[in-house]
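Biologist: I would like a close look at a single part of this protein. Please walk me through it step by step.

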Amino acid sequence: MFSPIFKYRHMILIILTATGLQACSTLTTSTLSPDIMTDADQYYQNGQLAQAEHLYREVVSMAPRVSVAWFQLGNIYVRTNQLDAAVNAFQQATQVAPNEARYWVNLSLTRHKQAQQAAFLGLRYLPDDKRLQLLAHSDTGAQLVEQLP
């Protein structure tokens, strides 16, 4: 006769496989080498943004639920004026950790910066006298945007 384990081996194999797959899909910083985040943070603090970006991208490819890596990528992209990439990174961070206020703040500030850039690009299509008048009377980019036709 067969033992009960042999009889249910297919069910056990399926359960073990499913458990293993689930564990792979929920990687966190505890499954990463702690050195990679430490190194990335150190590069970031030292202003070595290309090296930091490379490591943070490695982190999010291995563990996409590490929100701080997405957040730091967003910060790097803002500092290198890659605003579309920054918005995407901050959105990823807010999806992973929606209760982190600083992620939302940086997302909104980046979108504001995009709006300012668009407004200033639009200024070149105004006549010179109108452009100078707007610039002379605006204290912030938000006021400038409100005054554009």
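Which residues does Gly-74 touch, not counting residues up to four places away in sequence?

Modeller: First, a caution: this is a predicted model. Now to your glycine. Gly-74 touches Ala-86, Ala-89 and Phe-90, leaving out residues up to four places away in sequence. Gly-74 itself sits in helix H5. Its relative accessibility is 0%, so Gly-74 counts as buried. Gln-92 is 18 residues from Gly-74 in sequence. In space, the two C-alpha atoms are 9.4 Å apart.

Next, the core. The largest nonpolar core has 28 residues. Among those with the most contacts inside this core are Tyr-56, Ala-69, Trp-70 and Leu-73. Helix H5 (67-79) gives two or more residues to the core, and so do helices H3 (34-45), H4 (49-62), H6 (83-96) and H7 (101-123). Take Tyr-56 as an example. Beyond four places in sequence, the contacts of Tyr-56 include Met-37, Tyr-44, Ala-69, Leu-73 and Ile-76.

Charged side chains come next. The structure holds one salt bridge. Arg-102 forms it with Glu-100, and their closest N and O atoms are 3.4 Å apart. Arg-102 is partly exposed, at 40% relative accessible area. Glu-100 is partly exposed too, at 32%.

Last, confidence. The average pLDDT is 79, and 66% of the residues score at least 70. Over residues 1-29, pLDDT stays under 50. The model has seven contacts beyond four places in sequence for that stretch. Where pLDDT is low, the predicted coordinates should not be read in detail.

Technical notes
Residues are numbered from 1 along each chain as its sequence is written. This is a predicted model: local features need pLDDT of at least 70, side-chain atom pairs count only at pLDDT 80 or more; totals for chains, interfaces and linings use all residues. Side-chain values use heavy atoms; hydrogens and water are left out. A nonpolar core is a set of buried Ala, Val, Leu, Ile, Met, Phe, Trp, Tyr and Cys residues joined through side-chain atoms within 4.5 Å. Buried means under 20% relative accessible area, exposed over 50%, partly exposed in between (1.4 Å probe, protein chains only). Helices (H or I, at least four residues) and strands (E, at least two) are DSSP runs, numbered from the N terminus. Contact means heavy atoms within 4.5 Å. A salt bridge is a side-chain nitrogen of Lys or Arg within 4 Å of a carboxyl oxygen of Asp or Glu. pLDDT is the predictor's confidence in each residue, from 0 to 100.
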